[in-house]
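Colleague: I'd like to learn how to read a model like this one. Could you walk me through a few features?

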Amino acid sequence: MLNMPDRPSSFSGPTLHRHPLLASIDSPADLRALPEHQLAAVANELRSFLVDTVAQTGGHLAAGLGVVELTIGLHYVFDTPEDRLIWDVGHQAYPHKILTGRRERMRTLRQQDGLSGFPKRSESEYDCFGVGHSSTSISAALGMSLAAMQRGERRNVVAVIGDGALSAGMAFEALNHAGSMDVDLTVILNDNEMSISPPVGAITNHLARLLSGKFYTTMREGSKSALRGMPQLRHLVGRWEEHMKGMLMPSTLFEELGFNYIGPIDGHDVHAVVKTLRNIKEMCGQRFLHVVTQKGHGYEPAEGHPVTYHGVTPFDRRTGELRKGGSKGPTYTQVFGGWLCDTAEKDPRLVGITPAMCEGSGLTVFSKRFPERYYDVGIAEQHAVTLAAGMACEGLKPVVAIYSSFLQRAYDQLVHDVCLQDLDVTFAVDRGGLVGADGPTHAGSFDLSFGRPLPRLVIMAPSDENECRRMLRTAYEYPGPAMVRYPRGSGLGVAIDPDAPVLPIGCGEVVRRGRQVALLAFGSMVAPALAAAEGLGATVANMRFVKPLDGALVRELAEGHELLVTIEENSIAGGAGSGVAEWLSSQGLTLPCVHLGLPDRYVEHAEHAQQLAACGLDAPGILTSVRDALSRCFPDRASPGAATTSPAEVMQERHQGIGAA
């Protein structure tokens, strides 16, 4: 375990005085210059420095702690960046960042203009492939290997994938393709749940080194050549090899796919890792190394609670206690979890489905109370959606809890398997809009745009917690595909009425009456729109439904105002505002319109409020955009004043019944 001395809680500067070896490593070349006997000490310092850093910045911790020795071994043995190293997902890539020249910038992790929480090609030449979603590493690595072969270049390409990510179909598609190609490729399975093999020790480490060594490889490949003309004897020898390895090793699945399987080895024995990687580096063809690690290894709080410490807020390094934020109410995720359990109590047809996001999507309580109706399909979003479609065909009421950015991966299934068949599936789409420190890989920037074209799909976006619950009930009772899209984080502190009635499909509401300008706000943008309206004297409509759009309300606003402004936390291209413009055009209604939303670029990681401000989606930004539009459209008129009320204050007034009606 790490030594946890008393130290200041503030991150006043580098902690390299406690990490002298790490201080000497500014690149993998510096690491490779060290004698091998010092690598264990490097691992201890790297793990300690990682805890120091994440305790101050927050981020992904447990996964990185589990691959410290593996990361050291990979950069020690392979000639990175000339040799390509691809990390799957990227949660475990913090040690990689520290060893590849970014140690001093780790204090900026996931902050505005700081280091990304994931590998990013524009950040470092050592990040040869950008990753935020899982199960892409083997496909990318195979592509790089084939490209090197096409260009006549000789380099090693290594993909590191976790056992969870290996559950996705894309990973097996890549393994199947790679196994049929004449290409050099190393795939490393980081098995941190021990779901494939029993614990390992000296014997299995010895076997792994043996099976990756020159003697075994030469005999294996040589026997194939020598016995090519004697198929019966060759088959017999092959069966003997398979059975011998089957008795001593885990499943021969990867051998059947065309890979030379090696392992399992202890991923926390840095010398075993280095020796095995050295042997693998000398091999040709497709190699599959199975490394067993412990998530959170070396830091007791993370070892005991690897799920909690997978992604963390800043915490006390000595005790592991997470620092709590000052949220005003439950998160939207918690609102969903409460609704799901309450509805399941009343309706035995309800089933909950998640693609490996039980905690993140708010299904923890449901999974314990209704285990027979809870389905975690692993990292397999496509399967999750079609599984729900099959259940709906048989009269169940499936609820798919999924992040917006992960629903992208199941778009064909949403189109073909659910909407085309008009099946009764409810989608609880979390993390709609920008997501702060996780950045563009996890932002729900496009769901309104890709959902809007789909016939029969109802799309709703709540403005607060109570409306979120009402919309979930509305979606569930709607006899077809329906999607409720809500943001990350806490709500506005609005009281929840569990018995609030369903909403009439396709009906919005005016929440503030004004003049000249009408702000048509969708979901999370209602609060900042109300705040901006205070300085504009504008009307504000909570549109509620992206599809079907409330055409009657749009007509009323168009006929009673001189300027319409649509506001959404979604890409402007093809989003809710586009829907309003299309409807106006279809009705022959012409008046000035401004569409505010996410720009035609990926919004980089920062605090959520900073991201909104950068996109002009906070109250001051909305006010500025509207005033600019008014000055362009009506240059002879005076511009309205500035907003003076915060979004939260305005929403509180609204729900207390003292705001402007």
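Colleague: Let's start with a single residue. Where is the place of His 442?

Modeller: Keep in mind that this is a predicted model. His 442 is in the loop between β11 (426-430) and α20 (447-451).

Colleague: Is His 442 buried or exposed?

Modeller: Buried means under 20% relative accessible area. His 442 has 8%, so this residue counts as buried.

Colleague: Which residues is His 442 in contact with, leaving aside neighbours within four places in sequence?

Modeller: With those neighbours set aside, His 442 is in contact with Phe 118, Gly 132, Ser 405, Phe 406 and Val 435. There is also a polar contact between the side chains of His 442 and Thr 441, at 2.8 Å.

Colleague: On to charges. What is the idea behind a salt bridge, and how many salt bridges does the structure hold?

Modeller: The general idea is that side chains of opposite charge can pair when their charged atoms come close. In this structure there are 32 salt bridges. Take Glu 69 and Arg 47, whose side chains meet in one at 2.9 Å, N to O. Glu 69 belongs to helix α5 (residues 68-77) and Arg 47 to helix α3 (residues 39-57); they sit 22 residues apart, and the pair links distant parts of the chain.

Colleague: What are the relative accessible areas of Glu 69 and Arg 47?

Modeller: Glu 69 comes out at 5%, so Glu 69 is buried. Arg 47 is buried too, with 3%.

Colleague: Which residues are linked in a network of salt bridges?

Modeller: Glu 82, Arg 151, Glu 153 and Arg 155 are. Within that group, the side chains of Arg 151 and Glu 153 meet at 3.4 Å, N to O. Arg 151 is exposed at 63% relative accessible area, whereas Glu 153 is partly exposed at 31%.

Colleague: What about Asp 184 and Arg 154: how do their side chains meet?

Modeller: In a salt bridge, 3.4 Å from N to O. Asp 184 lies in the loop between α8 (169-179) and β4 (185-191), and Arg 154 in the loop between α7 (137-150) and β3 (157-162), so this pair ties together parts that are 30 residues apart in sequence. On accessibility, Asp 184 is partly exposed with 24%, while Arg 154 is exposed with 54%.

Colleague: Now helices. At what angle do α3 and helix α6 (residues 94-102) pack?

Modeller: To read a packing angle, note that 65 to 115 degrees counts as roughly perpendicular. Here α3 and α6 pack at about 105°, with their axes 10 Å apart. These two helices are therefore roughly perpendicular to each other.

Colleague: Which residues in α3 and α6 meet?

Modeller: From α3 come Leu 46, Phe 49, Leu 50 and Val 54, and they meet Tyr 94, Pro 95, Ile 98 and Leu 99 in α6. By type, the residues of this contact are eight nonpolar, no polar and no charged.

Colleague: One last spot. Where does Leu 589 lie?

Modeller: Leu 589 is in the loop between α24 (576-586) and β19 (593-598). Its C-alpha atom is separated by 8.2 Å from that of Arg 555, although the two residues are 34 residues apart along the chain.

Colleague: And which residues is Leu 589 in contact with, leaving aside its neighbours within four places in sequence?

Modeller: Arg 555 is one of them, along with Ala 558, Trp 583 and Leu 584.

Notes
Residues are numbered from 1 along each chain as its sequence is written. This is a predicted model: local features need pLDDT of at least 70, side-chain atom pairs count only at pLDDT 80 or more; totals for chains, interfaces and linings use all residues. Side-chain values use heavy atoms; hydrogens and water are left out. A salt bridge is a side-chain nitrogen of Lys or Arg within 4 Å of a carboxyl oxygen of Asp or Glu. Helices (H or I, at least four residues) and strands (E, at least two) are DSSP runs, numbered from the N terminus. Buried means under 20% relative accessible area, exposed over 50%, partly exposed in between (1.4 Å probe, protein chains only). A polar contact is a pair of N or O atoms within 3.5 Å; within protein, one must be able to donate a hydrogen and the other to accept it, and residues adjacent in sequence count only if both atoms are side-chain atoms. Contact means heavy atoms within 4.5 Å. Axes are lines fitted to C-alpha atoms, for helices over the stretch in contact, and angles run from 0 to 180 degrees between N-to-C directions. Angles under 35 degrees count as roughly parallel, over 145 as roughly antiparallel, 65 to 115 as roughly perpendicular and the rest as oblique. Ala, Val, Leu, Ile, Met, Phe, Trp, Tyr, Cys and Pro count as nonpolar, Asp, Glu, Lys and Arg as charged, and the others, Gly among them, as polar.
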